[in-house]
Amino acid sequence: MDNVVHYIIFWWEQYWGSSWYPYLWAAAFLYLLIFERKRKNTGYLIAFQCLLCFLYFCPVTAALIQKCIGGLVYWRVIWLFPVVPALALVVTSLLSRIRKKGLQAVLVIACVGILAVSGTSVWSAGNYVKVSNHQKVPEEAAQVGNILLAERGAEDSLIAADNSIAPYLRVYDPSFQLAFGRDGRGARSRNARHLYTRMSAEEPDYKVIGKRARKEKVQFLVLQLSQEQKEEAFAAMEHYGYKWVTAVNDYNIFRFPIAKSGES
């Protein structure tokens, strides 16, 4: 349950960041509750907001939702919050209370200004990055994909990579065979599920990863390693027969030496 609560708080903070939109939404909710609650459509919106708040913040319902979609994507529930309709309804309500067109124009400009400064522009640096590959995946994922394509012996060569890059590999080339998908879903076996858990741990045990990978007959391991982790990881991979191929930034590619098609 502690993990469920962690995702509730973590994704709420991550989703909104430093923007003022949750406060604007709360203010809009109070306005509608005080001044517009008797209107039928407004009542539906208020009830919907209350329901979503309960579903998102209640640990029991959050646990059920996270079990269905995964804790790592729990932030998608916030998409359902009617923030934009609530703010729009408040603005139109205020405009309906003002008769003079000049004051209405001032109110619209003021509201647009408040919305503009309360969030972060989508064009801010870092939100979008130009890439050269047609699949529009991060460049390091594309580079890893190209290396795997060049090194693999056959299309059924099994690959294991963590959540940070595995989904991009499948987008880059659907022919890649993964031991497990996003969040460990679609794991080929119980052993593959354990392999995913070990690779996703905060402090991975590389000996166990090597052992599980060999058992699963994984030909390629893609490990994201810090400088401090490399010595331990390299030793463990070598012990279980995996040879280092190359690295793309922090992603290190290890290959179990299975002969390619046509090689003796």
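Modeller: Buried means under 20% relative accessible area, and exposed means over 50%. The model is predicted.

Biologist: By that cut-off, is Tyr56 buried or exposed?

Modeller: The relative accessible area of Tyr56 is 0%. The limit for a buried residue is under 20%. Tyr56 is therefore buried.

Biologist: How many aromatic pairs does the structure hold, and what kind of pair do Trp12 and Tyr56 form?

Modeller: There are 17 aromatic pairs in the structure. For Trp12 and Tyr56 the ring centres are 5.6 Å apart and the planes stand at 50 degrees. Planes under 30 degrees apart would count as stacked and over 60 as edge-to-face, so this pair is tilted.

Biologist: How many residues apart are Trp12 and Tyr56?

Modeller: Trp12 sits in helix H1 (residues 2–16), and Tyr56 sits in helix H3 (residues 40–57). The pair thus links distant parts of the chain, and the separation is 44 residues.

Biologist: Is Trp12 buried or exposed, and which residues do ring pairs link with Trp12 into a cluster?

Modeller: With a relative accessible area of 18%, Trp12 is buried. Ring pairs join Trp12 into a cluster with Tyr15, Trp16, Trp25, Tyr56, Phe57, Tyr74 and Phe81.

Biologist: Trp25 also takes part in the contact of H2 with H3. What is the orientation of H2 and H3 to each other?

Modeller: The axes of H2 and H3 come within 10 Å and cross at roughly 135 degrees. The crossing is left-handed. An angle over 145 degrees would count as roughly antiparallel, and H2 and H3 are therefore oblique.

Biologist: Which residues make that contact, and how many of them are charged?

Modeller: H2 contributes Trp25, Phe29, Leu32 and Leu33, while H3 contributes Thr42, Leu45, Ile46, Gln49, Cys50 and Cys53. By class, the contact of H2 with H3 has eight nonpolar residues, two polar and no charged.

Biologist: How are H9 and H10 arranged?

Modeller: Helix H9 (residues 190–200) and helix H10 (residues 206–215) have axes that come within 9 Å and cross at roughly 155 degrees. Because angles over 145 degrees count as roughly antiparallel, H9 is roughly antiparallel to H10.

Biologist: What is the handedness of the H9 and H10 crossing, and how many charged residues are in the contact?

Modeller: H9 passes H10 in a left-handed crossing. Asn191, His194, Leu195, Arg198 and Met199 of H9 meet Val208, Ile209, Arg212, Ala213 and Lys215 of H10. The residues of this contact divide into five nonpolar, two polar and, as charged, three.

Biologist: Which residues does Ser93 touch, leaving out those up to four places away in sequence?

Modeller: Ser93 is in helix H5 (residues 83–96). At 2% relative accessibility, Ser93 counts as buried. Outside that sequence range, Ser93 touches Tyr31 and Glu36.

Biologist: Is Tyr23 buried or exposed, and what is the C-alpha to C-alpha distance from Tyr23 to Ser118?

Modeller: Tyr23 belongs to helix H2 (residues 21–35). Its relative accessible area is 60%, so Tyr23 is exposed. Tyr23 and Ser118 are 95 residues apart in sequence, and their C-alpha to C-alpha distance in space is 9.5 Å.

Biologist: What is the C-alpha to C-alpha distance from Met1 to Ala62?

Modeller: Met1 lies in the segment before H1 and counts as exposed at 57% relative accessibility. Met1 and Ala62 are 61 residues apart in sequence, and the C-alpha to C-alpha distance is 9.6 Å.

Note on methods:
Residues are numbered from 1 along each chain as its sequence is written. This is a predicted model: local features need pLDDT of at least 70, side-chain atom pairs count only at pLDDT 80 or more; totals for chains, interfaces and linings use all residues. Side-chain values use heavy atoms; hydrogens and water are left out. Rings of Phe, Tyr and Trp (its six-membered ring) pair if their centres lie within 6.5 Å; planes under 30 degrees apart count as stacked, over 60 as edge-to-face and the rest as tilted. Helices (H or I, at least four residues) and strands (E, at least two) are DSSP runs, numbered from the N terminus. Buried means under 20% relative accessible area, exposed over 50%, partly exposed in between (1.4 Å probe, protein chains only). Axes are lines fitted to C-alpha atoms, for helices over the stretch in contact, and angles run from 0 to 180 degrees between N-to-C directions. Angles under 35 degrees count as roughly parallel, over 145 as roughly antiparallel, 65 to 115 as roughly perpendicular and the rest as oblique. A crossing is left-handed if the near helix is turned anticlockwise from the far one by less than a right angle, and right-handed if clockwise. Contact means heavy atoms within 4.5 Å. Ala, Val, Leu, Ile, Met, Phe, Trp, Tyr, Cys and Pro count as nonpolar, Asp, Glu, Lys and Arg as charged, and the others, Gly among them, as polar.
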